[in-house]
Amino acid sequence: MKRLLHRVRTWSRLPQDDAEHVAEVEFHLEQLVARHMAGGVAEPEARRRARLEFGSRDDVREAARSARGGAILDDAWRDARHAVHQLRSQPGFTLAVMTTLALAIGAATAVFSVADHVLLRASPYRDAASLVVAWETDRTSGTTREPAALPDWRDLQQQVRTLASLEAAVGAVATWTVATGEPLRVSAMQVSPGWLGQLGVAPLRGRDFTEVEGTPGGGAVALISESMWRSRLNAREDVLGATLRLNDVATQVIGVVPDDADHGLDQLHARAAYHGTYEPVGRIDVWLPLQATEAELSRDTHPLLLVGRLAPGNTAGTAQAEVAGVMADLEARYPRSNRGRGAFVEPLQEVVHGPSRPLLVTLLAAVALLAAVATVNVAGLLLLRGAARAREVALRTALGATATRLSRQFAVESAALVGLGAAAGLVVAWAAVRLVRAIGPVDVPRLQEAALDLRSIAVAIALAGVIGVIFSLLPALTAGREDPVAALKGEAGTTTLSPRGLRLRNLLVMTQLALCVSLAIGATLVLRSFRAASRVDPGFDAAQVVKLQYELPASRYPRDFARFPDFTEITQFTERTLQAARQLPGVEAAALAAAHPLDEGFTNSWRVVGREAEGADWPEISVRVTSPGYDATMGLRLRSGRVITDADGGTAPSVALINATAATRFFSGTDPIGQQLAFWGIPRRIVGVVTDERIHGVDQAAPPAVYVPMAQAPGSSGVLLVRSAREPEALLAELRRVIAGVDPQLAVYGAEPFARTVAATLGQRRFAMMVMGAFAVLTVLLALVGVHGMVAYSARQRTRELGIRLALGARPPEVAALVLGGALRLSLAGVALGTVGAFAGAGLLAQLLFGVSRHDPATFIGIPLGVLLVALLAGLGPTRRVLQAAPGAALRGIG
């Protein structure tokens, strides 16, 4: 430390010391001159002899500085000033390099930030690796991720020993009636009393649910989330014991849970084959105890998500074997409800993060390609710049500069360049992360938590450090290998690469093109996949349709199944709501449904009357409950028979429609119209066949489905769908008032144009397309810059030769072909390598593609040819300029 302080003090005195030293040197020189003149030597000769005897002023000053100990800091300061001078003297070069590095480092940092939060951060749950999800499977329908029935869960809890615990949860929506203002819709989760404890989540305040509270009639209590406590209850200290009116029930708050208690629950719901009316919400506001009875949730109903913790010494495989054995026993004991039922046990982390992994791995690979191309591009620029400075290097070498001194100077310049690029890159990364959070798909866990934090900044600095080391070596390796004599003889400003430098430059250009083609092929496959998914006929027309969702509380809309389907309050609500909505100006059609066309809703066991034995192994059928007018509102097309009308009321004969898939699969060769199907113990006459709606997503095949009149199957949840050419926001505001007019205490949610809902289902593909497309465009531009520079350089080097060829009668096209020939060979090699690389790596994209092969011939032929053509076009400009200059250069004898 003392030595360092001494050097700092010494360095700070350098200007004063230098001035004193110069004066002292001049004094000694004058003394020598005077001594020689006193001996009779003329003054000019006396000064020459004095300089020879005294030596170089600079050498003496350097020796004095070294002796004082401030040389290192002084040299560093001078190197830094020299680096700044170099960068300022070439603003175009500096801006090009800085921009390229900013894009590469910024993109890499942003993608890492997202991947870090989504995939790399530790789970908030204790020992998350031992948590598993226990799904039910259905052999008849082929589904492997179905929620469980309440009685099945309880049997598994009692019999399975490979799981230390097995808890249940089900998503819900609650209406929070506040003292003033409109009622609020809050996202809720009903959980068994051991749910949070099993995950290792402890309340921040208060306590968890008790076993008693997890039984029917166990009390109206709730836990609330930390964010709800802070944002909606102003973090009030007396929150414990406070009363919230949820679904018209006074509910006591017994605790506050941390926000990360709901980690992965949206994804868990999204992975389920059927998840009722729950939609991903991003955050659970309220936690309620699961108090369901088997009378409400029989073995025919499958709403529960089961998460268990492995007992010590067990794996998901051993748990799978035991759970499957119990389910087989339940199938034998309850053949009517459990026929075909099995089990599928898998790690919770795989369920939550697995589907997002291909997208993020693809983006990481894409940004790695972009960073590599950018690095190669800048390396090429530095290579040429190093060659351009060969004369300077040779001159400094001739004046005594050592290789270490030159390398240090180049390192400082590279560090300054990379530092500027990294600083700008952090700004790019900050903006990119915000953009990703805004446009990213909603089903990627923790995406909204992505931020430019210390981990991301550390990665940016590390990446910049690696790039800086590479860049600092390039100029020294190239310029330092030039022949000083040849360099000194060269024309000022002429760039000359050695054969080794030329080979390196060509290799860089070829690598750029290879990486460019690989990324462009991947981006094109994702783009074509998105276009294919966007062009699929979903079976409905989302244009000019808006939706609002609601959940009718049981307190005011009771469902007494002894009177099914005579649920008076629910029927009155639907009738009044529909009537009022249809009377709004500009409304062309309106309907109510239990689930909108992209909400898969629920399935049910069913049979065709008279064909019971034949249908024993048929899969469950998707049940769609709709009001009259659904076909006109959603553009559902009738294939035969008729649609649901107002005549199909609760007291009318039970009827149903089936979709085309159901008609083809179960009524092949016969007319389904007039036949009867039955579920819930009610036979229903088939009165029509409609086209398929892709209710599992526009990129998924339509399942067999049955449409039931809402009046004959009223439910507590629903969605209002309205077709109108009016501006959506204004129409939605009026529809909110319509529902408020029918029930002022009812909260609505999911109010948006239905086209937006459809677009959200393609979120991952759209996101991948946008990011990879942007990366591909940047990569192509960078590669073209490399090709342009390579052609321009090689053409300039041959200017005199080309001039002579033209003077001897060569035609310009022949000379141009000669110049472009080298570029063509390099481009062909790079494009070929890139195509092979893309072919080998196409498997990464497999899970993102739809409607296009990962080895799509058109893409694998068109993109390489396109890049090759554009690369050649990039070389035409410099070739033309050189051809115009060549005759004059030949006459002047320069080249």
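Predicted model: local features only at pLDDT ≥ 70, side-chain atom pairs only at ≥ 80, totals over all residues.
Let me begin with Phe561, which counts as exposed because its relative accessibility is 55%, where exposed means over 50% relative accessible area, buried means under 20%, and partly exposed is in between, computed with a 1.4 Å probe on protein chains only. Residues are numbered from 1 along each chain as its sequence is written, and side-chain values use heavy atoms, with hydrogens and water left out.

Now to the aromatic rings. A pair of rings is described by the distance of the centres and the angle of the planes. Here rings of Phe, Tyr and Trp (for Trp, its six-membered ring) pair if their centres lie within 6.5 Å, and planes under 30 degrees apart count as stacked, over 60 as edge-to-face and the rest as tilted. The structure holds 13 aromatic pairs. In one of them, the rings of Phe561 and Phe567 have centres 5.5 Å apart and planes at 85°, so this pair is edge-to-face. Phe567, with a relative accessible area of 1%, is buried, whereas Phe561 is exposed.

A tilted pair is formed by Tyr630 and Tyr707, with 6.3 Å from centre to centre and 45° between the planes. Which parts of the chain does this pair link? Tyr630 lies in helix H21 (residues 630-634) and Tyr707 in strand S21 (residues 705-709), so that distant parts of the chain, 77 residues apart, are linked; helices (H or I, at least four residues) and strands (E, at least two) are DSSP runs, numbered from the N terminus. Both tyrosines, Tyr630 and Tyr707, are buried.

Returning to Phe561, we find that it forms one aromatic cluster with Phe564, Phe567, Phe679 and Trp680. Phe564 is joined to Pro565 by a cis peptide bond, with omega about 0°, and Pro565 is found in the loop between strand S12 (545-551) and helix H20 (568-582). Trp680, although not a glycine, has a positive phi near 55°; it is placed in the loop between strand S19 (676-679) and strand S20 (682-690), and is partly exposed at a relative accessible area of 37%.

Phe679, also in the cluster, has the charged end of Arg684 over its ring, 4.9 Å from the centre. A charge sits over a ring if NZ of Lys or CZ of Arg is within 6 Å of the ring centre and within 35 degrees of the ring normal. The charged end of Arg299 likewise sits over the ring of Tyr334, at 3.7 Å from its centre.

Finally, let us turn to strand S9 (residues 286-289). Is each of its faces covered or open, and which residues lie there? Both faces are covered, with Val286 and Leu288 buried on one side and Trp287 and Pro289 buried on the other. Strand S4 (residues 184-191) runs parallel to S9 and is joined to it by 4 bridges, where two strands pair if DSSP finds at least two bridges between them. Strand S6 (residues 221-225) pairs with S9 in the antiparallel sense over 2 bridges. Within these pairings, Gln190 stands opposite Leu288, and Leu223 opposite Trp287.
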